[in-house]
Amino acid sequence: MPTFTTHDGTELSYRLRGEGEPLLCHAGGPMRGAAYLGNLGGLDAHRTLVLLDARGTGASAVPVDPGTYRCDRQVGDVEALRLHLGLERIDLLGHSAGGNLALLYAAVHPERIRSLVLVTSAGRALGVETTDEEWDEAAEVFADRSWYPRARAELDAIGPDTPLPRVHEIAAPFAYGRWDAPAREHAAAAVRETNWEAASRYHGEGAYHPEEARRALTALTAPVLVMAGEYDAGPTPAKAAEAAAFLPDARLVVQRGAGHHPWVDDANAFVRALATFLDPAVRTVSVDGVRLAYRVAGPEEAPPVVLVHGRGEDGGSWAGITADLAADHRVYAIDLRGHGLSDRPGRYGFEDFRDELGGFLKALDLTGASVVAHSMGAAAAYLLAEREPGLIGRLVLEEPPAFVPLDPPRPVLRRPEGPLPFDWEVVPTTDAQLNAPDPAWRAGLSAITVPTLVLAGGPTSHIPQEQLTGLVEAVPRARLVTVGAGHLVHRDRPADFLAAIREFGV
């Protein structure tokens, strides 16, 4: 493990996981080694995680002065790590008690923060604390769980002489959205990973001066993500919102069904929220309560074009096309629900994709934009053009399904093993609709009045090409161009794809 020497001569260790821009991560506990953070649910696929073992934890050395375990006295360790890594500004994440250290660092060095992430973080540094009574009341959300009666009785029996490790063991079930085997394993490691003597000193007298911190943090111009767990008792979402209100550019995200360790409860939801926040190229908008991620490129004053991906893909699949179009267009590449960095609400269907594409165009004031869409996204786009013909300017449909009942029908597919970049529930729902589509969808083709280009992939495509010919014949102002590339024309023949849509007027 790499090491560095901090300001008082203590040698500290850290782990590096993943690729991309570094994200400095400080653990909670307090004073638990950073191993429990793991890869933060897969966030290392988006960033290089710099996982610091605080002094006296993990592989880091024990300091000569145990008084330096106090939170405010570790601010210099974060600064020493920044200097060691040679970073002008840092993206900094603090979990739980570690969020207090992140806030104190930001208060002392606001100019060094590029972005700040506070994950289920107690807000003592800001003067936002959870009382025992508030914690007990919030914990009742678990009252219907089988483990609750015994855990509650043990919780109520905690006294001033109960050792800290035992307090942690008793409270552990309340720290996870699901008290299942992975949660039990994650919680059990805390006993051996925590420096309990240091933990008792971390929040010691003099560590925090909330009014001073709040004043200093008014100089923080960097964006802040405050993440709360829906079921977390400390802090509750309400307490997290209270803390966020003290920060100039803070946004609150509450992860549904999560407790104090949200990456353990739902890794996909956790990573989507953080990856979206940390990527400056990604923006979000809410449409009917669903948070949609999208990427923007090109001059603001240029004519807009919206790119809509196919099933199982996301807005990033248009990267090559975006780079070309952005020379003279304002390009918006959306992640549809259940895909990429957008929410996974669990309800999917061509009507849902149609409605949210329309909501996206309206929310961003993109009426009259050209829409370039592939496969599933193309179906959503032309269903929208049927329903609201004045919303789209020009329409490009790359290999769209024609909504002719499939014969033979698609069989029910089994979900592949391992994590997926999209919600698998999209597949059975849309397959069922492709097998037996609503007849009104095809009947409505004549209502599409915008200029329409249908790009067909030729005989190697799985979509019957005669169906695309029939679709073009049913749309009043449609034309057909065939590029013999199969289903993914924009990926496999990007130059031909671009030539076709440019000639069409996009």
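Predicted model: local features only at pLDDT ≥ 70, side-chain atom pairs only at ≥ 80, totals over all residues.

Student: At what angle do the axes of helix α4 and helix α5 cross?

Tutor: The axes of α4 (residues 148–156) and α5 (residues 164–171) cross at roughly 150 degrees and come within 9 Å. An angle over 145 degrees counts as roughly antiparallel; α4 and α5 are therefore roughly antiparallel to each other. Their crossing is left-handed.

Student: Which residues make the contact?

Tutor: Helix α4 contributes A151, E154 and L155, while α5 contributes R166, I170 and A171. Sorted by class, the contact of α4 with α5 has four nonpolar and two charged residues, and no polar ones.

Student: How are α14 and helix α16 arranged, by angle and by distance between axes?

Tutor: The axes of α14 and α16 (residues 426–435) lie 9 Å apart, and the helices pack at an angle of about 105 degrees. Angles of 65 to 115 degrees count as roughly perpendicular, and α14 is therefore roughly perpendicular to α16. In this pair, F350, E351 and F353 of α14 meet V426, T430, Q433 and L434 of α16. The contact of α14 with α16 divides into four nonpolar residues, two polar and one charged.

Student: Let us turn to the sheet. In what order do its eight strands lie?

Tutor: The order is β9-β10-β12-β11-β13-β14-β15-β16, in an open sheet with mixed pairing. Strands β9 (282–287) and β16 (478–482) are the edges, each pairing on one side only. On average, neighbouring strands are turned by 25 degrees against each other, direction ignored.

Student: How many bridges join strand β11 to strand β13?

Tutor: Four bridges join β11 (residues 304–308) to β13 (residues 369–374), and these two strands run parallel. V308 has A373 in β13 as its bridge partner. Helix α14 (residues 350–363) packs on the sheet, and the strands it touches include β11 and β13. The direction of α14 makes about 110 degrees with that of β9. Helix α20 (residues 494–504) also packs on the sheet, touching β13, β14, β15 and β16; its direction makes about 165 degrees with that of β15.

Note on methods: Residues numbered from 1 in each chain as written. Heavy atoms only, no water. Pairing = 2+ DSSP bridges. Axes fitted to C-alpha atoms, helices over the stretch in contact; angles between N-to-C directions. Contact = heavy atoms within 4.5 Å. Parallel < 35°, antiparallel > 145°, perpendicular 65-115°, else oblique. Left-handed = near helix turned anticlockwise from the far one by under 90°. Nonpolar A, V, L, I, M, F, W, Y, C, P; charged D, E, K, R; others polar.
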